[in-house]
Amino acid sequence: MPQLLKKTTSLTLRLILVAIIWSIAAVLATGFGLATIFGNYVDKNFENSISVYLDTLAATADVDKSAKLVIERPPTDPRFTRPLSGYYWMAADINEAGKITANQVRSRSLFDETINLPAAVVTKATSNPGVDAYYNINRSGESLKIGARQITLPGRHNNTILVVAFDRTEVEKSKSRFNLILMASLIALVVGLMLAIILQVKLGLKPLRQMGDQLGDIRSGKAEHLDENLPIEIAPIASELNALLQHNEEVVERARTHVGNLAHALKTPISVMLNEAGQHEDAFSRLVTRQTQTMQRQVEHYLKRARAAARAETLRTRTPIGPVVDDITRTLAKLYRAEGVLVEVLNKTNAAFRGEREDLEDLFGNLAENACKYGGGLVEISFDDSDAGFIHILIDDDGEGLTESEVKDALKRGVRLDETSNGSGLGLSIAHELAVAYGGALNFEKSPLGGLRANLRLPTADTIN
């Protein structure tokens, strides 16, 4: 059973399995005990009936003038008079060798036959005079239970053995009927217990399942806290989880505040350095300008990365993807209309990004703008939700595309493939690291349009990692 429980990962199944196994074991033990008790009771009652007739024979046994055994008042049960009825009695002398002699008297039901007693019965009866010995035998197709008792009649040298035999068929039928009824009752009891156990476990674990569903809603942004109206055993857990969620939100908010403060604290000194260096044309001023610009780009990069990491840890953020994509594509279509760029959204999605809207705008907007800027004039956007828990935003263009080495360079910080344009070279790097921070990915592939495909993989709001 331990190995079976290890393979059973569901708590519900474990509880049900253990309860059912022990219930079945208890019912089987109870059934076996009841069957044994009833069988012993029937057998004992059967033996008591035989003992009564042995007492009757012992009370009326005597010898006549010719020294023959006689039963002056034989049992009056009519079954002892009906031939081969299955109910018999016999009284016989036993010689010194322990053998039954011809001096015997029998019930009319035996006709001219006799009861062949097993040696074990005779030995047991003679070794304990006055004590009944019982034995089961088969005689001429009959299953009999015999009782034997040794007595000593006054003035006789030989001992006398009294025998009463009853047919065991009715007794065995009674046992079988009882066992059949008992088995049917126990099966009904087991089925009832199983149903009761399943119902009890289901109802008992229902609050835990509700808590799990609520945590999923919190993860997907559909709820803000757990309902603490739960049984007293698990209500403290919900309370502690709510406190943990609140603490997590406060930590994220403090991180955002610190990031903002750092941005403002660095922005002014860097601007002052750039302004001062720009007022001079010497080599030192140009060096300061270049290094300050590098500092500005690096600060921007790491601040965005820090904000992304903080947002990615927030449990309750969820942003519908469709409206963000529509807003950005409309803006880009207007901006690049004069250059003949056509931006099309091929399909729709109802998925929600598990993150901040600002980060989704940075991710998608950066990639879509690059496609408009460096493509051949056609940009197609589509969605693929076949990856469970994630959505792929595919941005295709019909430009010249990128080689494998250019793709690697594009994801490096500070590397600009187009040196003629303005920019820091951090856009694709930030997009890549931002996607990774959210548990997603950014890959560049060959587009069906002939140019470059940006495959942006993002977690959906219903995903629980």
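Across which strands does helix α8 lie, and at about what angle does this helix run to β12? In this predicted model, local features need pLDDT of at least 70 and side-chain atom pairs count only at pLDDT 80 or more, whereas totals for chains, interfaces and linings use all residues. Residues are numbered from 1 along each chain as its sequence is written, and side-chain values use heavy atoms, with hydrogens and water left out.

Helix α8 (residues 357–374) lies across β9, β11 (378–384), β12, β13 and β14, and runs at about 20 degrees to β12; helices (H or I, at least four residues) and strands (E, at least two) are DSSP runs numbered from the N terminus, contact means heavy atoms within 4.5 Å, and angles, from 0 to 180 degrees, are taken between N-to-C directions of axes fitted to C-alpha atoms, for helices over the stretch in contact.

The 5 strands form an open sheet of mixed pairing in the order β9-β11-β12-β14-β13, where pairing requires at least two DSSP bridges between two strands. Strands β12 (residues 390–397) and β14 (residues 452–459) pair in the antiparallel sense over 7 bridges, and H392 has R457 in β14 as its bridge partner.

The axes of helix α7 (residues 321–335) and α8 come within 10 Å and cross at roughly 40 degrees. That angle makes α7 oblique to α8, the class left for angles that are not under 35 degrees (roughly parallel), over 145 (roughly antiparallel) or 65 to 115 (roughly perpendicular). Residues making the contact include I321, V324 and L332 of α7 and L360, F364 and C372 of α8.
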